[in-house]
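Please read the following note alongside the sequence and the model. The points are numbered so that each can be checked in turn.

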Amino acid sequence: MIAHVSTRGGAGRRGFEEVLLAGLAEDGGLFLPEDWPRFPREALAALSGLSYPETATRLLRPFVEDCFDEAELAELCARAYAGFAHAATAPLVQIAPDDWLLELFHGPTLAFKDFALQLLGLMFERVLARRGRSITIVGATSGDTGSAAIHAVAGRANMRIVVLHPHERVSAVQRRQMTTVDADNVFNIAVRGTFDDCQALVKAMFADTAFRREQDLAAVNSINWARILAQAVYYVHAALRLGGLERPPVFAVPTGNFGDVYAGYVARRIGLPVRRLIVATNRNDILARFFETGIYRLGEVVPTVTPSMDIQVASNFERLLFDLEDGDGARVRRALENFTKTGELAVEPGRMARLGELFRAGRATEEETRAAIRRVFEESGQVIDPHTAVGVEVGRRLRRPGEGPLVCLATAHPAKFPETVTEATGRRPTLPPHLADLVTREERFVVLDADLAAVQEFVRRTGRA
Ligand SMILES: *Cc1c(COP(=O)(O)O)cnc(C)c1O
């Protein structure tokens with residue numbers, strides 16, 4: 001069995017099941033495996049030609065074996081990806097002689113978060129049934145995460161989900177992806193206020209210990225180790241299809257919370273040859289600055305055309321830091337406590353050097369992002385979303401000739417961000433056929449004031465129903 005430890009060193013050794021359910025470790029750290037399984041070259045080569053769910057089963061197996069046996073895991077992986085609207089699950093599309101898009105938006109909510117959350121929903125359901133427990137998942141969203149979580153939980157036994165979004169402050173597509181889900185375990189609250197108000201309400205509900213116990217509150221945010229692990233699969237699957245054991249790819253990854261890039265790092269740690277991971281940010285560039293200077297310094301969040309990357313504190317950065325500090329949880333804890341106080345954290349050059357040439361990082365302005373959408377469309381006829389465009393722009397800038405195929409992660413479907421895409425290409429992107437009627441589907445949500453008592457009353461009342 002692989003034991004998991006906290007990045008802050010204070011949570012002992014935990015099995016996969018506990019890590020899955022807990023999300024965050026009780027010392028405030030993030031879980032990571034204590035020892036990493038390694039797939040030798042022959043083992044990876046043996047995965048080529050397998051379907052996406054089969055590849056996932058083989059790769060995840062050593063990580064989860066204390067929780068799911070092989071047949072069970074295979075069943076969960078098959079079901080998780082059965083609803084994806086493309087036969088290849090994560091197709092590769094060529095846009096230039098040595099440039100590829102890895103399309104990760106064929107899941108139910110049209111963004112890459114479905115890859116992890118669809119599987120997590122099934123894993124939760126299985127474990128809760130075994131334990132005879134039920135939970136209420138509560139979360140705040142400014143867009144993508146809420147809908148991916150709702151679609152992961154809808155209709156599943158022993159769990160329900162309550163998502164708070166800021167009333168009239170999310171896009172119509174994003175809202176409808178949450179509010180048109182027809183399942184009696186899904187509840188949407190539109191809060192009269194901002195995203196920060198929503199987050200504060202969720203925090204306050206978790207901080208109310210009596211309420212948290214009474215409702216069995218749980219979260220599915222991006223710090224859950226199982227989410228990262230599930231995402232490592234598409235790096236391996238894509239590399240194998242490009243012959244990547246011979247010519248290791250350069251991956252360009254549009255980044256917010258550092259979860260998706262870190263999944264690429266996981267793929268490399270378990271043995272996948274990766275030439276480079278290009279960390280692509282928008283103007284909210286704390287991560288780009290970190291890789292350039294070794295200093296992680298808080299900036300102010302500015303809104304951009306890539307809202308899912310408008311983040312200044314990248315929660316999964318702590319996982320990389322743990323490695324840079326040689327797995328010394330006490331050092332990580334001190335560094336982060338200091339960061340909370342001063343807004344700054346520096347990693348010694350000697351330690352940064354250990355990252356070698358693996359990471360390269362850069363940022364794209366909004367103008368560059370629009371120009372990249374236009375250029376890719378003119379060159380290849382492919383329409384890409386603004387987040388993907390940040391990856392393409394920075395990836396092309398930083399990849400050097402002869403370095404291997406460039407694989408840009410296409411993290412969202414262009415129709416999720418129609419305004420920017422239309423502006424750049426002159427054409428309005430259309431939703432895929434299975435979502436074409438999204439605008440006419442019936443919506444279900446309540447509008448509440450940003451008032452803790454009112455929100456708690458709603459959660460209690462719907463829980464009894
Ligand atoms: C969440 C998201 C990202 C950022 O992913 P991280 O794992 O937070 O780095 C990028 N693009 C889209 C479309 C997203 O939804």
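**Notes on the predicted model**

1. T180 is in contact (heavy atoms within 4.5 Å) with L438, R441, E442 and E443, when its neighbours within four places in sequence are left aside. The model is a predicted one, in which local features need pLDDT of at least 70 and side-chain atom pairs count only at pLDDT 80 or more, while totals for chains, interfaces and linings use all residues. Residues are numbered from 1 along each chain as its sequence is written, and side-chain values use heavy atoms, with hydrogens and water left out.

2. T180 is placed in the loop between helix 7 and strand 7. Helices (H or I, at least four residues) and strands (E, at least two) are DSSP runs, numbered from the N terminus. With a relative accessibility of 12%, T180 counts as buried; buried means under 20% relative accessible area, exposed over 50%, and partly exposed in between (1.4 Å probe, protein chains only). The side chain of T180 also reaches the backbone oxygen of R176 at 2.6 Å. A polar contact is a pair of N or O atoms within 3.5 Å; within protein, one must be able to donate a hydrogen and the other to accept it, and residues adjacent in sequence count only if both atoms are side-chain atoms.

3. Why is helix 7 (residues 172-179) described as largely enclosed by the rest of the structure? The description holds because six of its eight residues are buried. These are V173, Q174, R176, Q177, M178 and T179. The cover over the buried residues of helix 7 includes helix 6, strand 6 (159-166) and strand 7 (186-192).

4. T141 belongs to the loop between strand 5 (135-140) and helix 6 (144-153). T141 is buried, its relative accessible area being 2%. A polar atom of the T141 side chain lies 3.0 Å from the backbone nitrogen of G146. Apart from neighbours within four places in sequence, the residues in contact with T141 are G146, V163, L164, H165, P166, M178 and F195.

5. Which residues come nearest to the ligand? Of the 15 residues around the ligand, they are K113, D144, G256, N257 and D260; a residue is near a molecule or strand if one of its heavy atoms lies within 4 Å of it. By class, this shell has five nonpolar, seven polar and three charged residues. Ala, Val, Leu, Ile, Met, Phe, Trp, Tyr, Cys and Pro count as nonpolar, Asp, Glu, Lys and Arg as charged, and the others, Gly among them, as polar.

6. A polar side-chain atom of K113 is 2.5 Å from a ligand oxygen. For G256, a backbone N or O atom lies 2.8 Å from an oxygen atom of the ligand, and for N257 a polar backbone atom lies 2.7 Å from a ligand oxygen. The ligand taken alone exposes 390 Å², of which the protein buries 96%; accessible areas come from the Shrake-Rupley method with a 1.4 Å probe, and for residues only the protein chains shown count as cover.

7. Helix 11 (residues 259-269) is mostly covered, with nine of its 11 residues buried. Among them are D260, Y262 and Y265. After helix 11 comes G271, whose phi is positive, near 125 degrees.

8. V274 is found in the loop between helix 11 and strand 10 (276-281). V274 is buried, at a relative accessible area of 7%. Residues up to four places away in sequence aside, V274 touches P248, P249, F251, R268 and L358.

9. Most residues other than glycine have a negative phi. T89 has a positive phi, near 60 degrees; this residue lies in the loop between helix 4 (70-82) and strand 3 (92-96). D216, likewise not a glycine, has a positive phi of about 50 degrees and is located in the loop between helix 9 (209-215) and strand 8 (217-218). Is each of the two buried or partly exposed? T89 is buried, with a relative accessible area of 6%, whereas D216 counts as partly exposed at 32% relative accessibility.

10. How many disulfides does the structure hold? There are zero disulfides, a disulfide being a pair of cysteine sulfur atoms within 2.5 Å. For C77, the nearest cysteine sulfur is that of C67, 12 Å away. C77 is buried at 0% relative accessibility, and C408 is buried with a relative accessible area of 1%.
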